[in-house]
Amino acid sequence: MSDEETPGVESRISPPDLTCPRCNHLLPSGLGVIKCVMCDAEVNVEHEGTRRKWREEKVSCPECSKVLVCGVDKRPANLQCSSCGSHFVLKPHRPKIEVACPKCDRVLRMNKRPGERDISCPACDAEFKIKF
Ligand SMILES: [Zn+2]
Ligand SMILES: [Zn+2]
Ligand SMILES: [Zn+2]
């Protein structure tokens, strides 16, 4: 479950959760033209409040821990630390969700992604599906 390869820092600010106007499934998180993974509709998502918070978001440099103001209103954002000069990526926030196993009630934390997924519970091996 790790699709997080690039080094960098994850943004703490997430755009609003929206559903696809055509098929009503959850849209992938982001701003701009977002493509629904379920029906391929392209939806233009804009949210000025999120853009502003993105610009003003404070992040600490992964190298020297200096706190920087992002200044960029999109994610991912390529940033350069003004103190040590290192480059890093401020990655989109990845929404998480908690799902309880229907068999043993163990709470599983996972990335919230649109579509249907097969989950297998690490505690009791029950298999079930979730869908957004
Ligand atoms: Zn759709
Ligand atoms: Zn630095
Ligand atoms: Zn279970």
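Good morning. I begin with an open sheet of three strands, which has the order S1-S7-S6 and mixed pairing. Strands here are DSSP runs of E with at least two residues, helices are runs of H or I with at least four residues, and both are numbered from the N terminus. Two strands are said to pair if DSSP finds at least two bridges between them. Strand S1 (8-10) and strand S6 (77-80) stand at the edges with a single partner strand each, so one side of each has no neighbour in the sheet. From one strand to the next, the twist averages 30°; the axes behind that angle are lines fitted to C-alpha atoms, for helices over the stretch in contact, and angles run from 0 to 180 degrees between N-to-C directions.

A word on the source. This is a predicted model, in which local features need pLDDT of at least 70 and side-chain atom pairs count only at pLDDT 80 or more, while totals for chains, interfaces and linings use all residues. Residues are numbered from 1 along each chain as its sequence is written, and chains are lettered from A and ligands numbered from 1 in the order in which they are written.

Now the chain as a whole. The protein chain holds one helix and eleven strands, and along the sequence these follow the pattern β-β-β-α-β-β-β-β-β-β-β-β. Its C-alpha trace spans about 50 × 35 × 20 Å along the principal axes. Of its 132 residues, 11% count as buried. By buried I mean that 20 or more other C-beta atoms lie within 10 Å of the residue's own; with 12 or fewer a residue is exposed, and in between it is partly exposed, the C-beta atoms being placed from the backbone. Among the contacts with a separation of 6 or more, 30% are between residues 24 or more positions apart. A contact requires that the C-beta atoms of two residues, placed from the backbone, lie within 7 Å.

The domain assignment gives domain 1 (9-13 + 17-91) and domain 2 (96-131); such bounds come from an automatic or database domain assignment. The centres of domain 1 and domain 2, taken over C-alpha atoms, are separated by 26 Å.

Let us return to the strands. As a general point, strands of a sheet pair through backbone hydrogen bonds, either parallel or antiparallel. S1 and strand S7 (residues 87-91) run parallel and are joined by three bridges. Within S7, lysine 91 stands opposite glutamate 10. An antiparallel case is strand S2 (residues 32-35), which four bridges join to strand S3 (residues 42-45). Here glycine 32 has valine 45 in S3 as its bridge partner. S2 and S3 form a hairpin with six residues between them, and in the turn aspartate 40 has a positive phi of about 70°.

Which residues make up the largest nonpolar core? There are six: Trp54, Val59, Cys70, Ala77, Leu79 and Leu90. Such a core is a set of buried Ala, Val, Leu, Ile, Met, Phe, Trp, Tyr and Cys residues joined through C-beta atoms within 7 Å. Setting aside residues up to four places away in sequence, leucine 79 touches Leu68, Cys70, Phe88 and Leu90.

Several loops deserve attention. Proline 76 lies in the loop between strand S5 (67-69) and S6, and a cis peptide bond, with omega about 0°, joins arginine 75 to proline 76.

Aspartate 105, in the loop between strand S8 (96-100) and strand S9 (107-111), has a phi near 65°, a positive value in a residue other than glycine. Why does aspartate 105 count as exposed? Because it has 10 C-beta neighbours inside 10 Å.

Glycine 115 is placed in the loop between S9 and S10. With 13 C-beta neighbours inside 10 Å, glycine 115 counts as partly exposed. Apart from neighbours within four places in sequence, glycine 115 contacts Val37 and Met38.

Aspartate 125 is exposed, with 10 other C-beta atoms within 10 Å. Proline 122 also belongs to the loop between S10 and S11, and proline 122 is exposed, with 9 other C-beta atoms within 10 Å.

Thank you.
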